[in-house]
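Hi everyone, thanks for coming. Have a look at the sequence and the structure first, and then I'll walk you through them.

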Number of protein chains: 2
Amino acid sequence: MKPIFFTPGPSQLYPTVENYIHDALEKSIPSWPHRSEDFKGIFRDAADGVRKVMDAPKETHVFFLGSGTEAMERTVQNMAEKRSFHFVNGSFSKRLFKTASQLGKQPEKIEASPGQPFDFSKANISNETELLCFTHNETSVGIKTPMEGISKIKKEHPHALVAVDVVSSAPCVDVDWDAVDCAFFSVQKCFGLPAGLGVIMVNESAMQKAKVLQEKGVSIGSFHSFLSMAEEEAKSQTPETPNVLTMYLLGKVCEDFQKIGIDAIKKETKEKAALLYDYFDAHPVHKPFVDEAEVRSDTVIVAKTPQGSKPLISKLKEKGLVIGAGYSDYKDSQIRIANFPAHGMKDMKHLLDEMSKL
Amino acid sequence: MKPIFFTPGPSQLYPTVENYIHDALEKSIPSWPHRSEDFKGIFRDAADGVRKVMDAPKETHVFFLGSGTEAMERTVQNMAEKRSFHFVNGSFSKRLFKTASQLGKQPEKIEASPGQPFDFSKANISNETELLCFTHNETSVGIKTPMEGISKIKKEHPHALVAVDVVSSAPCVDVDWDAVDCAFFSVQKCFGLPAGLGVIMVNESAMQKAKVLQEKGVSIGSFHSFLSMAEEEAKSQTPETPNVLTMYLLGKVCEDFQKIGIDAIKKETKEKAALLYDYFDAHPVHKPFVDEAEVRSDTVIVAKTPQGSKPLISKLKEKGLVIGAGYSDYKDSQIRIANFPAHGMKDMKHLLDEMSKL
């Protein structure tokens, strides 16, 4: 029996993916030239599919990158000359902040205590802020920043652009496209695909900003600047030879998601999350790391393991159930369980059942 | 019957790759966490394999990127503050030059006429030049810049670093590691893998330069700066979640190459190239684009099609043989035929046979 991976990404492949890989090999897709008409079809299917499952306006640009981490770099490069403001509540929001520093920007931030929501009223956002950066789902500690909060901040700062990291929540997230100018994700989380592809979705305001920066002589990168990617996107192509196989798989999985219905997928995700949180709430030791129910992540469930995460992880592994350790400093004191569309209700109940027996 | 792809990349998969993909799925490799011990094994196999087939010193850093195009950006970012000097003889060497401009450097160049070798004596390389950029195999027009020439220029300019694009020649190239500080490639060419992975190999001089630039406050990028990648490399990891599946495949194909022997692979590559050039030399119309035999590419053979490339491409496609059109402006007036390790002698003779019949 193959193990089931509940790791927060890379994670379990979506159940249809293996067959799609076989189909792709049968059709020789990995050999298709990336300037061919056939490839353009793959590009369109992936980009249209992403727009649909993300419920994005049809004019939203969809660009393909190497990873969600690359998306952080491209976001900051193209959307801020100097001032970005970051809502930091874990390792990935911190990474985006650090990226801005590394690229010579002058980022500012508000930091929440680990596992605690932001007190938005304390965010000291100056009028010079060009870009507001949020991490919708902090994969490191399993906390979310509800979209309503993001929309509210945007209303208070209409002149700033908004970028949202939805790496481990897309497409199980209701993005407010009136408030969000840029959203990015990687495919090895909720899309249940092999890693090696990042996706960044941007609107015209983000494109305009990139243009202004370029005209000012600010470097917005080279082949993966928004402008360079948009030029190729207009031809249903990419500047470089991209990860064609995974783009194909992304288009197919987006089709599957649409057949089931994104609302149904979101609903089941919340139901599975509720089962997990109920289990941990009732557990004498392994309590959820995040106290407030409204900000608990739906897709990455984090529980405390004060007696160490290793014994639990090992015992479950013996039963063919692979869960994740805490992130970085929390490696031993937390476990992380992914709750992605690839994890069916049956799998989740099986995991809970086996955890109960330990 | 599946077609055989002689396109210059993406191209035919190396014959063992499909089975390795099946093995990888059987082992759940796409689900393996990128911070696990199992992943570290994949990292080491790929990095060690690359060093071996490239005959690189064991202390050479091997970093993994999204594409060869990304490697251009990272090379310029990390190896030049201002002055790079470029040997431009086609679209890809031009792209590297353009990348330097886009990143705010002040690149200089010598340009060769299309299909002609460089007159090295005319290269006006100033003493301020920090980085010399060569394209060993210009995929766009099928011309190579012999390694001896690169070594000679390095000897004349010992204080400049040398970066070589070996995108479509590695590992069928004898890199002079005494002269070369950085070499990069992508895996969908001679390695016969699905696209979506670039590899950049750098020595300590390149690392030192990146350090100096960072200390000076010059931006060397963020997650994919040489320093950031080296920090993770020391743990057999990558800064981002990388293309794990293709890294696994790369390690396996490097093993295959070593079993056959890299010298044997290089020898057969030259033999197949000779057959193709002999054919085109003898052809009344479809002459090789590059006249001088010493600089004709071994791995991407380009021939002129003054009556248009389309009829030839279409007729061969009907026979299940997919060759490439000319690059960009040469789309109609040239054809390109990849001669990679995935293309066996039998395949090549079959292609020649079918071309003869047209």
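Let me start with a pair of strands: in chain A, β11 and β13, the latter being residues 334–338, run antiparallel and are joined by five bridges. By pairing I mean that DSSP finds at least two bridges between two strands. Strands themselves are DSSP runs of E with at least two residues, helices are runs of H or I with at least four, and the numbering goes from the N terminus.

Before I go on, some housekeeping: this is a predicted model, where local features need pLDDT of at least 70, side-chain atom pairs count only at pLDDT 80 or more, and totals for chains, interfaces and linings use all residues. Residues are numbered from 1 along each chain as its sequence is written, while chains are lettered from A and ligands numbered from 1 in the order in which they are written.

Back to our pair. Across from V300(A) you'll find A338(A) in β13(A), and V302(A) has R336(A) as its bridge partner in that strand.

Is β13(A) buried or exposed? Five of its five residues are buried, so β13(A) is largely enclosed by the rest of the structure. Buried means 20 or more other C-beta atoms within 10 Å of the residue's own, exposed means 12 or fewer, and partly exposed is in between, with C-beta atoms placed from the backbone. Both faces are covered, with Q334(A), R336(A) and A338(A) on one side and I335(A) and I337(A) on the other.

Now the other sheet. This open one has seven strands, in the order β2-β10-β9-β8-β5-β3-β4 of chain A, and again the pairing is mixed. The edges are β2 (61–65) and β4 (108–111) of chain A; each has a single partner strand, so one side of each is left without a neighbour in the sheet. Neighbouring strands are turned by 20 degrees against each other on average, direction ignored. Further in, β5 (residues 131–135) and β8 (residues 161–165) of chain A pair in the parallel sense over five bridges, and L132(A) has V162(A) as its bridge partner there.

With 17 C-beta neighbours inside 10 Å, K109(A) counts as partly exposed. Leaving out residues up to four places away in sequence, K109(A) touches F85(A), H86(A), V88(A) and F97(A); touching, or contact, means C-beta atoms, placed from the backbone, within 7 Å.

Zooming out, chain A is divided into domain 1 (4–12 + 261–357) and domain 2 (17–258), with bounds from an automatic or database domain assignment. Their C-alpha centres lie 25 Å apart. Domain 1 of chain A brings 28 residues to the contact and domain 2 of chain A brings 22. On the domain 1 side, α9 (262–282) and β11 of chain A each supply at least two residues, and α9(A) gives the most, with four.

Finally, the two chains. Chain B can be laid on chain A with an RMSD of 0.0 Å by a turn of 180 degrees and a shift of 0.0 Å along the axis, superposing by least squares on C-alpha atoms of residues with pLDDT of at least 70 in both. The two copies are thus related as by a two-fold rotation axis. In chain B, G66(B) comes closest to that axis, at 2.5 Å (C-alpha). The same surface serves both copies: 100% of the contact residues of chain B recur in chain A.

Note on methods:
Axes fitted to C-alpha atoms, helices over the stretch in contact; angles between N-to-C directions. Contact = placed C-beta atoms within 7 Å.
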